[in-house]
Amino acid sequence: MNPTGESNRSDPGPQSANASADVVPQRRAQQDPAWVRWFLTLAAVFVLTIFVVVPVIAVFYEAFSRGARVYFENLLDPDTRHAVLLTLTVAPCAVLFNLVFGVAAAWAIARFRFRGRTLLITMIDIPFSISPVVVGLMFVLLFGLGGFFGPWLRSHGIQILFSTPGLILATTFVTLPFVARELIPVMEAIGPDEELAALSLGANGRQIFWRITLPNIRWGLLYGVILCNARAMGEFGAVYVVSGHISGQTNTMPLHIEQLFQGFNSPGAFAVASVLTMLAVVTLLLKVFVERKARQTVLEAAKE
């Protein structure tokens, strides 16, 4: 006891407090009744089975319902091949544009304080709150024959709607927030200290970006690109409006699936849907890989 009657025991340090905070949730989870844990686990598995596993199995079952020969014949159809190639053209172009914009926007928002910063953050989130169909109508009003830019584009022989550029524009707008929204918190958490240190040592902007900034944000950047690509490949509403739904010309895979299904060609529709599902599975595996690598990087940095 000290002269004031208080105990001489020292207060626990930050590490002890953090350790206690980590242990408490674990103890609480272990103290929950077994029936609660089992019920919640089984409920989650049941919901995932009904809404994810069963539909995926149904897609592949229907795709192969008439045999493998019919399945591959549907996939080798000229319109189907064109839809696949168009999707694999539109999605990477949209991802590339969003990659450049996302990095630039995240750098500006995370590293600078300027008038209109909050407005910029809000505008980045606008595609999340607008229906894709409305986005398509917006582009029609801008680039249609009677739109704002329509007469000028027509006089110069430039076609945006009902062509690949229109699909890329609509897909880029819909997927705009993904890369930026993944990078902003990452860059704010990292802070500018390493970049300022490199600048004080004489590094230029290009060297700072490639040697300091990019290695620090690489996993967040890759995660945003994966999400952006997944959303771009599955986009339907916006591209439906701006594409004109022209078979063999402006149909992406989601549009081609809808057209086949409306034409009572269910095996063909499910065959194309199976390809889109497999692409989604590959995207999911890449997402898991990136999350694991990012977690390992954080743990290694914490140990150092």
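Predicted model: local features only at pLDDT ≥ 70, side-chain atom pairs only at ≥ 80, totals over all residues.
Residues are numbered from 1 along each chain as its sequence is written, and side-chain values use heavy atoms, with hydrogens and water left out.

By a cavity I mean a set of points, on a 1 Å grid over the protein atoms alone, where a 1.4 Å probe fits but cannot get out, and its lining residues have an atom within 4 Å of a point. Counted this way, there are two cavities of 30 Å³ or more.

The largest cavity holds about 60 Å³ of space, the volume being the space filled by probe spheres set on the points, which are joined across faces, edges and corners. Its lining consists of T87, V90, A91, T171, A232, M233, E235, V239, T252 and P254. Two helices, α4 (78–111) and α12 (205–233), are the elements that give two or more residues to that lining, where helices are DSSP runs of H or I with at least four residues, numbered from the N terminus. Of these, α4 gives the most, with three residues.

Turning to the second largest cavity, about 40 Å³ of space lies there, and R111, I190, G191, E194, E195, I212, T213, N216 and I217 line it. Here α11 (193–200) and α12 are the elements giving two or more residues, and α12 gives the most, with four.

Definitions and conventions: 1 Å grid on protein atoms, 1.4 Å probe; cavity = no way out; pocket = protein on both sides within 12 Å on 5 of 7 lines; lining within 4 Å.
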